[in-house]
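Please open the model in your viewer and keep the selection panel at hand. The stops below go from the whole chain to a single residue.

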Amino acid sequence: MSKVLVATEKPFAKAAVDQIKAVVTKAGFDFALLEKYTDKSELLEAVKDASALIVRSDKVTAEVIEAAKELKIVVRAGAGYDNLDLEACTSKGIVAMNTPGQNSNAVAELAFGMMISMARNAYNGTAGTELRGKKIGIHAYGNVGLYVAKIAQGIGMEVYAFDPFVDAEKIKADGVTPLASVEELYATCQYVSLHIPATPQTKESINYDLLRKMPKNAVLVNTARKEVIHEADIIKLMNERADFAYISDIAPDNKDAYTPFEGRYFFTPKKMGAQTAEANINAGVAAAEQIVDYIKNGNTTYKVNK
Ligand code: 3PG
């Protein structure tokens, strides 16, 4: 019988695990769970007899794929699949999928939680500022970007977006102003919210030249990936501009370099964007259903490898 393994170093909410298990067992498959593992050897052992694998940001490397002799499908319960070695999957005939859109609202809400906390000086009793009336630029207008736009509009922000892969008319239809270049986005908006994926092309692309264009009291909000940031460049800018702040869902590798900039940065200790019961249920159950649909019916709608 096919075994579906959920392997999450950062566990799903219990309700999500229960619902994933229900989908898997109802389809007649075995269910296995590996949570909070601290060493990759645990993952290598657990995948040995798994036919299907559900992960979050867990690294599914060529070594993991090699160990998973029975594997037919791996689903990243979430949007960004930079943690999957797609070439390794393809070379073994394994289908890789993600679950786009399922955790997007949670990520967008966290972006605003962090923005408001920064604007209110982390609630330390001093007078802060409001988001209403300020300009926000959405860098990449995908599923998360769309939710960010809606929340920003509700707050009363002026909303701009840059995304060369999305039709400008579609962006306009949402009441968002599309901008023609990434430089224009950063030059226009006090707040910039990042939603680009981590790829070889985007790696370290958010650099000094771009960020220095941002207006006074600039705030960069990163709920995407730390890899897209040029870390040394941000420190350079933090040193040059006392009005520049950086908030990120997960600390950069050089987080100790931020100590002198108290009050101008905030980092979550663990990636928290998708860490809600709702997002866990949405993404986890979607992953389980996609696995069942692939194994039983061959449905490859959300396939991300060749
Ligand atoms: C995603 O790409 O879906 C988010 O970054 C969530 O990642 P997580 O499942 O590791 O929290």
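This is a predicted model: local features need pLDDT of at least 70, side-chain atom pairs count only at pLDDT 80 or more; totals for chains, interfaces and linings use all residues.

Residues are numbered from 1 along each chain as its sequence is written.

Begin by colouring the two parts of the chain, domain 1 (3–102 + 275–297) and domain 2 (104–267), whose bounds come from an automatic or database domain assignment. Their centres, taken over C-alpha atoms, are separated by 30 Å. Where they touch, domain 1 supplies 8 residues and domain 2 supplies 6 residues, a contact being two residues whose C-beta atoms, placed from the backbone, lie within 7 Å. The side of domain 1 that touches domain 2 comprises 3 nonpolar, 3 polar and 2 charged residues; here Ala, Val, Leu, Ile, Met, Phe, Trp, Tyr, Cys and Pro count as nonpolar, Asp, Glu, Lys and Arg as charged, and the others, Gly among them, as polar.

Next, select the ligand together with the residues that surround it, including Lys10, Arg56, Asn103, Lys271 and Gln275; a residue is near a molecule if its C-beta atom, placed from the backbone, lies within 6 Å of it. By class, this shell holds 2 nonpolar, 6 polar and 3 charged residues.

Finally, select Thr8, which lies in strand β1 (residues 3–8), strands being DSSP runs (E, at least two residues) numbered from the N terminus. Is Thr8 buried or exposed? Thr8 counts as buried because it has 21 C-beta neighbours inside 10 Å, the cut-off for buried being 20 or more other C-beta atoms within 10 Å of its own, with C-beta atoms placed from the backbone. Leaving aside residues up to four places away in sequence, Thr8 touches Glu35, Val55, Arg56 and Asp58. Asp58 is 50 residues from Thr8 along the chain, yet their C-alpha atoms are separated by 6.4 Å.

Terms used
Helices (H or I, at least four residues) and strands (E, at least two) are DSSP runs, numbered from the N terminus. A residue is buried if 20 or more other C-beta atoms lie within 10 Å of its own, exposed if 12 or fewer, and partly exposed in between; C-beta atoms are placed from the backbone.
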